[in-house]
Amino acid sequence: PAQIFHLLRRQMLRRWRKPLIVMTPKSLLRRKSATSPLQSLVSGKFETVIADDKISPETTRRVIFCSGKVYYDLLDFREQREITDIALVRIEQLYPFPAEQIQQVFALYSETVEVVWCQEEPRNQGAWYYTRPFLNHYLPSTAPLRFVGRPACSSPAVGSMKQHLEQQQAIIDEVLGETAILSEIQ
């Protein structure tokens, strides 16, 4: 909520006007983990990239970049499984791409960590094809970028809630699982 507040505030306070496009599901309105303390409305600002402050960079073995609602799914499952070596980084603004903030995030972590882009949308939709060149550009050469998400599809949804939940669980299991990530290196 504080992010949306500061986003709208920033939009109104700017001297120049550009369209603001916000894509967010209504389900976040009901999610307990998608809350902000009152103080963050007063003293905060819109963050284009939010690095993980709960996981120590020294012990991190995998950094997961994501955008949108999938972050909360990953966060909930990471807490349930008590995983302490996988960092979640949210990219809150896709355009213009926050290159400087991404460089700062990469500077926090060792060059040997795994780097993953995770999205719940199919591979040929969502932000993957847009963010991949930027992330690859700033990525340390020893850390290949991997994709975890739904396979490419002509529609944004599978049409079956059961199949959707199974696919969502498979994404979470793959990206937070203890086994090696099976997705191909990009």
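## A nonpolar surface patch

Ile4, Leu8, Leu20 and Val22 form a nonpolar patch on the surface. Together they have about 310 Å² of accessible area. The model is predicted.

Leu8 sits in helix H1, which spans residues 2-13. Its relative accessible area is 45%.

## Arg78 in helix H3

Helix H3 covers residues 70-80 and includes Arg78. Is Arg78 buried or exposed? Arg78 has a relative accessibility of 4%. Buried means under 20%, so Arg78 counts as buried.

What does Arg78 touch, leaving aside its neighbours within four places in sequence? Its contacts are Asp52, Lys54, Ile55, Ile83, Ile86, Ala87, Leu88 and Leu176. Among them are the charged residues Asp52 and Lys54. Ile55, Ile83, Ile86, Leu88 and Leu176 are also in the list.

## Gln169 in helix H6

Gln169 belongs to helix H6, residues 161-176. Its relative accessible area is 28%. That lies between 20% and 50%, so Gln169 is partly exposed.

Which residues does Gln169 contact, once its neighbours within four places in sequence are left aside? They are Phe77 and Arg81.

Notes: Residues numbered from 1 in each chain as written. Predicted model: local features only at pLDDT ≥ 70, side-chain atom pairs only at ≥ 80, totals over all residues. Heavy atoms only, no water. Helix = DSSP H or I, 4+ residues; strand = E, 2+ residues; numbered from the N terminus. Buried < 20%, exposed > 50% of the residue type's maximum accessible area, 1.4 Å probe, protein only. Contact = heavy atoms within 4.5 Å. Patch = residues over 30% accessible without salt bridge, like charges linked within 9 Å, V, L, I, M, F, W, Y side chains within 5 Å. Areas by Shrake-Rupley, 256 points an atom, 1.4 Å probe, with all protein chains shown as cover. Salt bridge = Lys/Arg side-chain N within 4 Å of Asp/Glu carboxyl O.
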